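Hi,

Here is the structure I said I would pass on.

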Amino acid sequence: MFRVRVIAAALGAAVAFEHPQPSLADDAPQTLGGRAGVEWLTGMRDAMSRLNYRGLVAYLKDEKVNSMEFVHGMSNGIEHERLTSLNSPMREIVRDGDRVRFFFPETKSVMTERVPLNRSFLVDLPESFVGLCDYYAFLVGDQEYVAQRHAQAIEIVPVDDYRYGRKVWIDTESHLPLRFELLDENGKPIEQMVFTSLEVSSDAPGLEVAPAAASDSYSEQSSKREIIPIEAMDWSLDTVPVGFRISGYSRVQHPPLKHPIEHILLSDGLSSVSIYVDEPKDEPFLEKPNKIGAVNAYARKIDGFVVTVMGEVPPKTVHMIANGIRHQKSKE
């Protein structure tokens, strides 16, 4: 699972938010254990980036278990990661700094994307937790054993039901994440990741983080992204849950699409929602919700454009955002 989140302070003038809900920022974070929980997560994020480690990972999604091998290393100041599936369909994902390559052995193809630095395949955390206590509580839980290693549990609890919670078990020795759960509105796991074995090494990575697939025999495809000023956006968002801000606006083209589509990225600093705007289409369109694992999506047709809102957030969040999207050049 790889999630791209770009955090910026930009807030488009066309964006309107619902009336703010009571904030817990002034009187609650410390009583909720915010500082200690954030310190654990900050240490985990640093260890994930700095250490050389490898292990076997079980990933649970849609009641299916996938086994993968994960390798991480730092060499010459550049982070490297390799994630390899151990069962069909075979996949291999390799990250070198900001370049990510997805290898598809059955089609002998490889797709390349550029992503922000320091974004792990396994657990995606923001670079800063400043401001997040308005929308999440960071609770220090019990200590347990995971993969025969002593772990400290940290719970990330949202203050409303517009975002999901998280729970992470952190190795008390290495500070690496041993287990991670994404929790729905009722606190039930909808995605889980757990190391079944973990080895931390002082040696710099070598061929372990290089792709096993022979990339020179693969056909290459690359996604393209053009960053656009938010002020140039032709869309307004009339209903957005408090805390979510526009953090990016771009035009992207992912193979096999033959044309670019607009991408508006919203984030509260931890959870993110993407809005994709495809070119006008004449064929009939049925508005409907969709769900894949923890990702909820809702698509609408607005002035002929197909607008899809999707993210690892509850269904009510994507519905609320989708129903408030307006085309500023609408003739209606």
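Asn76 counts as exposed because its relative accessibility is 80%, above the 50% cut-off for that label. Bear in mind that this is a predicted model. You'll find Asn76 in the loop between β2 and β3. Its phi is near 55°, a positive value in a residue other than glycine. Most residues other than glycine have a negative phi, which is what made me stop there.

With a relative accessible area of 30%, His175 is partly exposed.

Now for the strands those loops connect to. An open sheet is built from 12 strands, with mixed pairing, and the order is β7-β8-β9-β10-β11-β1-β2-β3-β4-β5-β6-β12. At the edges are β7 (136-146) and β12 (219-222), each of which pairs on one side only. On average, neighbouring strands of the sheet are turned by 15° against each other, direction ignored.

Last, the helix: α1 (residues 34-50) lies across β1 (52-61), β2 (64-75), β3 (78-85), β7, β8 (149-158), β9 (165-171) and β10 (177-183). Against β7, helix α1 runs at about 65°.

Cheers

Note on methods
Residues numbered from 1 in each chain as written. Predicted model: local features only at pLDDT ≥ 70, side-chain atom pairs only at ≥ 80, totals over all residues. Heavy atoms only, no water. Pairing = 2+ DSSP bridges. Helix = DSSP H or I, 4+ residues; strand = E, 2+ residues; numbered from the N terminus. Axes fitted to C-alpha atoms, helices over the stretch in contact; angles between N-to-C directions. Contact = heavy atoms within 4.5 Å. Buried < 20%, exposed > 50% of the residue type's maximum accessible area, 1.4 Å probe, protein only.
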